[in-house]
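Here's a quick tour of a protein for you to follow along with. Have a look at the sequence and the structure first, then read on.

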Amino acid sequence: MVSYKELGLVNTRDMFAKAIKGGYAIPAFNFNNMEQLQAIIKAAAETKSPVILQVSKGARNYANPTLLRYMAQGAVEYAKELGWEKPQIVLHLDHGDSFELCKDCVDLGFSSVMIDGSALPYEENIALSKKVADYAHQYDVTVEAELGVLAGVEDEVQAEESHYTRPEEVIDFSKRTGCDSLAISIGTSHGAYKFKPEQCTRDPKTGRLVPPPLAFDVLDAIMEQLPGFPIVLHGSSSVPQEYVDMINKYGGKLPDAVGIPEEQLRKASKSAVCKINIDSDSRLAFTAAVRKVFAEKPGEFDPRKYCGPARDLMTELYKHKIINVLGSDNKA
Ligand code: G3H
Ligand code: 13P
Ligand code: ZN
């Protein structure tokens, strides 16, 4: 059993309380490899932003659970080396799909876990989320649970259609599970194709897809039921067109990729939404930079020469999110 406190990590409790009070949101960035982690820490340290390092089940399988845990510990030391005296870093399991996986992460030094029972019937979601919360709270590890279904792929969990969170259920769910934060469904979804073209309109000037707005009325109704309770938004990449264009220009094929417009995330950040999950935008930045190097320098075969530019572009992206979208700079 490793305590996250020994690793220099923090849980989400105070972080979320301050974010709600201060009208900003904490970035939750997924990582699978060293370059993403370096970019996240550099961006957070340079902007003095609290940050949540997210690890999915797929990331654990890809990178090895033990290695990832030590990477997160190394990240705290790296942040200090960059001049961030008291780094506010959370290590969080993203979309945990079983009690055993959540327990394993708690035991390995995670400071926060998500149990995603959103695809289960309501009572089963409550029972599973409560079991995880009861275990995690013994070690002061915070727990995110989810109510409502996002369309798209959630690691092992897949759904064709989204079902908005029902505001009339949130009090009962949060009380009975004891969760510390609640992920909700208000129209976001995972990946780079968040909306089908038929759900969107087209900008007549650019020909680009314009997505439908998020269901802020549902968010308002949830906040009315649970005043001051930490709310989480998954599937919140914006799918920046400049990266999509770069990828397509240099041999990729991402037709009609579309994300959540930044103005909507800015608006959400000012509310009780205090954690915003971003993964796909980092993947797009990484891929765009790598494709550019491959296209322009076909003779290059040193991974540092294409992973380095990818890391730089991701750092720029993370800083942009922190400063211009979530407003979490200078809060740590
Ligand atoms: O919500 C899903 C995250 O983007 C993680 O994706 O399961 O492919 O690692 P992954
Ligand atoms: P995106 O696919 O929009 O980046 O969402 C990531 C996410 O929700 C991770 O849990
Ligand atoms: Zn998610």
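Let's start with a term: two residues are in contact if their C-beta atoms, placed from the backbone, lie within 7 Å. Take the contacts in this protein with a separation of 6 or more: residues 24 or more positions apart account for 75% of them. Keep in mind that this is a predicted model.

**The whole protein**
- You'll find 12 helices and 12 strands in the protein.
- The C-alpha atoms fill a box of roughly 55 × 45 × 35 Å along the principal axes.
- A compact globule of 332 residues would have a radius of gyration near 20 Å, and the 19 Å of this protein agrees with that.
- Out of the 332 residues, 49% are buried.

**A closer look at helix α2**
- Helix α2 runs over residues 34–47, which makes 14 residues.
- From its first C-alpha to its last, α2 reaches 20 Å, close to the 20 Å expected at 1.5 Å a residue.
- Because 10 of its 14 residues are buried, α2 is largely enclosed by the rest of the structure.
- A residue is called buried if 20 or more other C-beta atoms lie within 10 Å of its own.
- The buried residues of α2 are Glu35, Gln36, Leu37, Ala39, Ile40, Ile41, Ala43, Ala44, Ala45 and Thr47.

- Just after α2 comes Lys48, which takes a positive phi of about 50°.

Notes: Residues numbered from 1 in each chain as written. Chains lettered and ligands numbered in written order. Predicted model: local features only at pLDDT ≥ 70, side-chain atom pairs only at ≥ 80, totals over all residues. Helix = DSSP H or I, 4+ residues; strand = E, 2+ residues; numbered from the N terminus. Rg over C-alpha atoms; globule rule 2.2 N^0.38 Å. Buried ≥ 20, exposed ≤ 12 C-beta atoms within 10 Å, placed from the backbone. Expected span 1.5 Å × (residues − 1).
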